[in-house]
Amino acid sequence: MSDFDKPQEPATTKVLVIDDSNTIRRSAEIFLKQGGYEVVLAEDGFDALSKVNDHAPDVIFCDILMPRLDGYQTCAIIKRNPRFARTPVIMLSSKDGLFDKARGRMVGSQDYLTKPFTKDQLLQAVAQCTAQTQG
């Protein structure tokens, strides 16, 4: 049986989680892996930029308040790259303010998730993004 005869397995959706909190990164990683997703972790915006380039994630979760390069700056830089302009970015924040949501949209984020998030909220956000990019 050649490689052409083998049934194609669906590609695993790759999710990048950018957060300076180890607890949030680990929680997201556990939830996403339970949902069957491949997970890449980054602890700040600079770390994330190299990982976006290396791993080309399908969906990105990005914390807003991070040292060195905040989530808005990180999202804006990712979106400026034509290769990743269509990659959905979901902002993560402990603040649920209208201003924060609007500012996230201005830099190109698709959605906004308030921390702490549940497993269902996280998986639903990924499912919505992947449905939109495939549809």
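Visitor: Which residues of helix 2 are buried?

Guide: In this predicted model, helix 2 spans residues 45–55, and its buried residues are Gly 45, Ala 48 and Val 52.

Visitor: Where do they fall when seen down the axis of helix 2?

Guide: Within an arc of 45°, so the buried residues line one face of the helix.

Visitor: What caps the N-terminal end of helix 2?

Guide: Asp 44 does, with a side-chain oxygen 3.0 Å from the backbone nitrogen of Phe 46. Just after the helix, Ala 56 has a positive phi of about 45°.

Visitor: Turning to the sheet, in what order do the strands come?

Guide: The order is 2-1-3-4-5, in an open sheet of five strands with parallel pairing. Strand 2 and strand 5 (111–114) are at the edges; each has a single partner strand, so one side of each lacks a neighbour in the sheet. On average, neighbouring strands are turned by 20° against each other, direction ignored.

Visitor: How many bridges join strand 1 and strand 3?

Guide: Four, in the parallel sense. Ile 18 stands opposite Cys 62 of strand 3.

Visitor: What feature does UniProt place at Asp 63?

Guide: The unreviewed UniProt entry gives "modified residue: 4-aspartylphosphate" at Asp 63. This residue lies in strand 3.

Visitor: Is Asp 63 buried or exposed?

Guide: Asp 63 has a relative accessible area of 3%, and the cut-off for buried is under 20%, so Asp 63 counts as buried.

Visitor: Which residues is Asp 63 in contact with?

Guide: Setting aside neighbours within four places in sequence, Asp 63 contacts Ile 18, Asp 19, Asp 20, Gly 71, Leu 92, Ser 93 and Lys 115. Ile 18 is also the residue that stands opposite Cys 62.

Visitor: One more residue: where is Thr 87 found?

Guide: Thr 87 sits in the loop between helix 3 and strand 4 (89–93). Thr 87 is buried, at a relative accessible area of 8%.

Visitor: What does Thr 87 touch?

Guide: Not counting residues up to four places away in sequence, Thr 87 touches Pro 57, Asp 58, Val 59, Ile 60, Lys 79 and Gln 110.

How values were computed. Residues numbered from 1 in each chain as written. Predicted model: local features only at pLDDT ≥ 70, side-chain atom pairs only at ≥ 80, totals over all residues. Heavy atoms only, no water. Buried < 20%, exposed > 50% of the residue type's maximum accessible area, 1.4 Å probe, protein only. Helix = DSSP H or I, 4+ residues; strand = E, 2+ residues; numbered from the N terminus. Arc of directions from axis to C-beta. Polar contact = N/O pair within 3.5 Å; in protein donor to acceptor, adjacent residues only side chain to side chain. Contact = heavy atoms within 4.5 Å. UniProt positions renumbered as here; feature names shortened; annotations may be inferred. Pairing = 2+ DSSP bridges. Axes fitted to C-alpha atoms, helices over the stretch in contact; angles between N-to-C directions.
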